[in-house]
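Have the viewer open as you read.

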Amino acid sequence: MGMPFSRVAECYEKLEKITGRIEMTELLASLIREAPPEEVDKICYLTLGRLAPEFAGIELGIGEKLAVKAISIASGRPLREVQRRYKETGQIGALAEESISKRVSLLAFEEELTVTDAVSYTHLTLPTTERV
């Protein structure tokens with residue numbers, strides 16, 4: 001079983017609050033030590049804001065409008081409401097966190113999302129020529 005993506009998200013949330021490089025490095029090293037070997041590369045690329053090595057030519061290219069729409073879909077909140085909150089806050093990450101924490105579940109049950117799942121699903125949203 002892969003590492004739950006929620007574990008990676010928790011780590012990133014902690015990183016945002018840390019100012020010291022040594023503490024950041026220790027936190028990331030701890031996350032990488034916990035990760036299954038087949039997901040270490042994925043976690044490293046995600047940490048760099050990428051899905052794959054730079055030479056692969058894969059760019060997320062997610063504009064603000066697409067990100068807001070994705071947050072709306074993922075959270076079950078109406079698009080107009082998410083757009084309004086984005087205009088108020090101007091912070092896409094904070095908006096995503098807020099929206100998902102208030103998510104309207106579309107399923108009676110949910111499976112834990114793994115790092116591999118998250119990267120695979122993101123690849124599916126890319127134009128066909130950029131998928132790996």
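A helix here is a DSSP run of H or I covering at least four residues, numbered from the N terminus. By that count R85 sits in helix α5. Keep in mind that this is a predicted model.

Which residues of α5 are buried? Helix α5 runs over residues 79-89, and its buried residues are V82, R85 and Y86. They span an arc of only 105 degrees around the axis, which puts them on the same side of α5. The general rule behind that is simple: an α-helix has 3.6 residues a turn, so residues three or four places apart point the same way.

## R85 and the end of the helix

Now for R85, one of the buried residues of α5. Its side chain makes a polar contact with the side chain of E88, at 2.5 Å. Set aside residues up to four places away in sequence, and R85 touches R77, G90, L95 and E98.

## Packing against α6

How do α5 and α6 pack? Their axes are 9 Å apart, and the angle is about 140 degrees. Angles over 145 degrees would count as roughly antiparallel, so α5 and α6 are oblique to each other. The crossing of these two helices is right-handed.

As for who meets whom, α5 brings V82, R85 and Y86, while α6 brings I92, L95 and E98. L95 and E98 are also among the residues that R85 touches.

## Packing against α4

On to the other partner. The axes of α4 and α5 come within 9 Å and cross at roughly 125 degrees. The contact is made by E64, V68, K69, I71 and S72 on the α4 side, and by L79, V82, Q83 and Y86 on the α5 side. Since angles from 65 to 115 degrees count as roughly perpendicular and those over 145 as roughly antiparallel, α4 and α5 are therefore oblique to each other. The crossing of α4 past α5 is right-handed.

V82 and Y86 of α5 turn up in this contact, and they also take part in the meeting with α6.

S72 belongs to helix α4. Is S72 buried or exposed? With a relative accessibility of 9%, S72 counts as buried, because the cut-off for buried is under 20%. The side chain of S72 reaches the backbone oxygen of R77 at 2.7 Å. Beyond its neighbours within four places in sequence, S72 is in contact with R77, P78, L79 and V82.

L79 lies in helix α5. At 35% relative accessibility, L79 counts as partly exposed. Leaving out neighbours within four places in sequence, L79 is in contact with V68, K69 and S72.

How values were computed: Residues numbered from 1 in each chain as written. Predicted model: local features only at pLDDT ≥ 70, side-chain atom pairs only at ≥ 80, totals over all residues. Heavy atoms only, no water. Buried < 20%, exposed > 50% of the residue type's maximum accessible area, 1.4 Å probe, protein only. Arc of directions from axis to C-beta. Polar contact = N/O pair within 3.5 Å; in protein donor to acceptor, adjacent residues only side chain to side chain. Contact = heavy atoms within 4.5 Å. Axes fitted to C-alpha atoms, helices over the stretch in contact; angles between N-to-C directions. Parallel < 35°, antiparallel > 145°, perpendicular 65-115°, else oblique. Left-handed = near helix turned anticlockwise from the far one by under 90°.
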